[in-house]
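Biologist: I am new to this structure. Please take me through it slowly, with a close look at one part.

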Amino acid sequence: MTYSRITGTGGYLPEKVLSNQDLARMVDTSDEWIRERTGILKRHIAGPGEATCDLAEHAARAAMEMAGRKASDIDLIIVATTTADRIFPSTACLLQQRLGIHGCAAFDVQAVCTGFVYALGVADRFVRTGGARCALVVGAETISRIIDWTDRSTCVLFGDGAGAVVLEASEEPGILSTHLHADGRFETLLHVPKGISTHYDDVMAGKAYLQMKGNEVFKVAVNTLGRIVDETLEYNDIDKAQIDWLIPHQANIRIIQATARKLKMPMDRVVVTVEEHGNTSAASIPLALDVAVRDGRVRPGDLLMMEAFGGGFTWGSALLYY
Ligand code: UT7
């Protein structure tokens, strides 16, 4: 049986750092409030000339280097992003060109904070069914571009960044399963209420901002993530005690702690980057994975649970041997 396995990871954060203290000078907030309610201490923000594809390229090159793969080896590119460089071509096509790869399928996936898990699920199906042998799967965002920097309820939460993995065909187990879900009934709890087809002029003028009813999103997120980890364990007939590392989407430390409690996992088995990165949407899971691989926590053969929840609502999980 053919599996898909992660053979390289990469991450990239823009140079500019925005601290809680910086934000307290911009809106009516405090370092104490942000730390207590979210766990976030700082986040990275893309520079004026820096676009999502620039971040994606850094992360992708690092993942390819770790995997020992060159451009000609890559036969599928999927970029999960909510903040594409252009209306079209897709960021995946722009990335393909940057990396000097020609001819393979390249497309974007848009599932907001669940984007990377969606992209991984799609790439896994390509690899397992023989449609690709060496895929580049990227989560990249310049979410700062759709933030209203006068809205304290959202501007303190997000940051920019990119993470990437190389996913290769293997006879050894890698990804065991991915579980992808959505429910559009909740669209207005977390959304950018404007888009190209409805408010073209506002979008072009940069007046299309993320809006969130944080408290309501929080409750649904905690319950939904609790359900999806159960679904994932049951599907694989695996006990929660077997999981080595939880690699969650990094939206809020309290949401992460709730899922860890549900899995009875101590926090030292959970990869947490939310303090340093904030919520980087589709980039958060591959960034967290890359941090834990490079600092030696995640080791070959470890069993990882990834889970995410985001706008749509969308949610998803992946259970995999690293
Ligand atoms: O990644 C996609 C999924 N996203 C999420 O999962 C995010 C889910 N939501 C959350 O993480 C939390 O709901 C937040 C961190 C966004 C908010 O925390 P909360 O504990 O749910 O606070 P709240 O929205 O209930 O607001 C509590 C108070 C309010 O004041 P009043 O009405 O009690 O007087 C807010 O106006 O905190 C106020 N507040 C702030 N105060 C200082 C809201 N934002 C801020 C702020 N600084 N930045």
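Where is the place of proline 89? Start there, then go on to the ligand and what surrounds it.

Modeller: One caution before the tour: this is a predicted model. Proline 89 has its place in the loop between strand 4 (76-80) and helix 4 (91-98). Most peptide bonds are trans.

There is another cis bond to look at. It runs from glycine 312 to phenylalanine 313, with omega near -10°. Phenylalanine 313 lies in the loop between strand 12 and strand 13 (314-321).

One more backbone detail belongs here. Lysine 264 has a phi near 55°, a positive value in a residue that is not glycine. Most residues other than glycine have a negative phi. Look for lysine 264 in the loop between helix 9 and helix 10 (274-277).

Now the ligand. It sits in the second largest pocket. Around the ligand are 24 residues. The closest are Thr29, Arg37, Asn215, Asn252 and Asn279. By class, the shell has 11 nonpolar, 9 polar and 4 charged residues.

Which elements build this shell? Helix 8 gives the most, with 4 residues. Both domain 1 (3-172) and domain 2 (177-321) take part, each with at least three residues in the shell.

Next, the polar atoms. Arginine 152 has a backbone N or O atom 2.9 Å from a nitrogen atom of the ligand. A polar backbone atom of glycine 214 is 3.0 Å from a ligand oxygen atom. Arginine 254 uses its side chain: a polar atom there lies 3.1 Å from an oxygen atom of the ligand. As for cover, the ligand on its own has 950 Å² of accessible area, and the protein covers 73% of that.

Terms used:
Residues are numbered from 1 along each chain as its sequence is written. This is a predicted model: local features need pLDDT of at least 70, side-chain atom pairs count only at pLDDT 80 or more; totals for chains, interfaces and linings use all residues. Side-chain values use heavy atoms; hydrogens and water are left out. A residue is near a molecule or strand if one of its heavy atoms lies within 4 Å of it. A polar contact is a pair of N or O atoms within 3.5 Å; within protein, one must be able to donate a hydrogen and the other to accept it, and residues adjacent in sequence count only if both atoms are side-chain atoms. Accessible areas come from the Shrake-Rupley method with a 1.4 Å probe; for residues, only the protein chains shown count as cover. On a 1 Å grid over the protein atoms alone, a cavity is a set of points where a 1.4 Å probe fits but cannot get out, and a pocket is an open set with protein on both sides within 12 Å along at least five of seven lines; lining residues have an atom within 4 Å of a point. A molecule sits in a cavity or pocket if more than half of its atoms lie within 2 Å of its grid points. Helices (H or I, at least four residues) and strands (E, at least two) are DSSP runs, numbered from the N terminus. Ala, Val, Leu, Ile, Met, Phe, Trp, Tyr, Cys and Pro count as nonpolar, Asp, Glu, Lys and Arg as charged, and the others, Gly among them, as polar. Domain bounds come from an automatic or database domain assignment.
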